[in-house]
Every structure is written in structure tokens, then in C-alpha cells.
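Reader: Before we turn to particular side chains, could you take me through the reading of aromatic contacts in a model such as this one?

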Amino acid sequence: MRLTPIDGIPVKGDSGAGVWSGDRVYGIYYAYAPDYSYGYAVQTSVVAGWIEGLTDIPGVA
């Protein structure tokens, strides 16, 4: 999933952070463009059940 900045963009060291909208996790952040103009995340649909099982936070399936 490609992300564009809204209120900033995560940078080096932020990998593994959740990509949230409201109370739902939509992705897990893993990389950014060298100029910080966009980033990438893995969609939680791949691991939604695992996330919810560990945290009780619903990932979007």
C-alpha cells in the first residue's frame, strides 16, 4: 500500500508502526521514499486475524 503524507510521514526507525484510520489498523509501515514524499505499508488484511488475536485491535480484513 502506498501512502502519501497527511500530517507528516514516518521516517527511518518507524518501520513496524501501525497505519491507522479512526480505531482501525489498515497497514503496517515498512519503508519511505528518499524525499519523504510517500511511504509503504503492508495491508493488514494479510494478518488481520493475527493482529486482533494478539491485541484485541481489529485489523481491516
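Author: Let us start with Y40, which is partly exposed at 29% relative accessibility, a class lying between buried (under 20% relative accessible area) and exposed (over 50%), computed with a 1.4 Å probe on protein chains only. This is a predicted model, in which local features need pLDDT of at least 70 and side-chain atom pairs count only at pLDDT 80 or more, while totals for chains, interfaces and linings use all residues. Residues are numbered from 1 along each chain as its sequence is written, and side-chain values use heavy atoms, with hydrogens and water left out.

Reader: How is the geometry between the rings of Y38 and Y40 classed?

Author: A pair of aromatic rings is described by the distance of the centres and the angle of the planes. Rings of Phe, Tyr and Trp (its six-membered ring) pair if their centres lie within 6.5 Å, and planes under 30 degrees apart count as stacked, over 60 as edge-to-face and the rest as tilted. For Y38 and Y40 the centres are 5.5 Å apart and the planes stand at 85 degrees, so this pair is edge-to-face.

Reader: How many aromatic pairs does this rule give?

Author: The count is two aromatic pairs. Y30 and Y40 form a stacked one, with 6.1 Å centre to centre and 25 degrees between the planes. Y30, Y38 and Y40 form one aromatic cluster.

Reader: Which residue lies over the face of Y38?

Author: R2 does, at 3.5 Å from the ring centre, where the criterion asks that NZ of Lys or CZ of Arg be within 6 Å of the ring centre and within 35 degrees of the ring normal.
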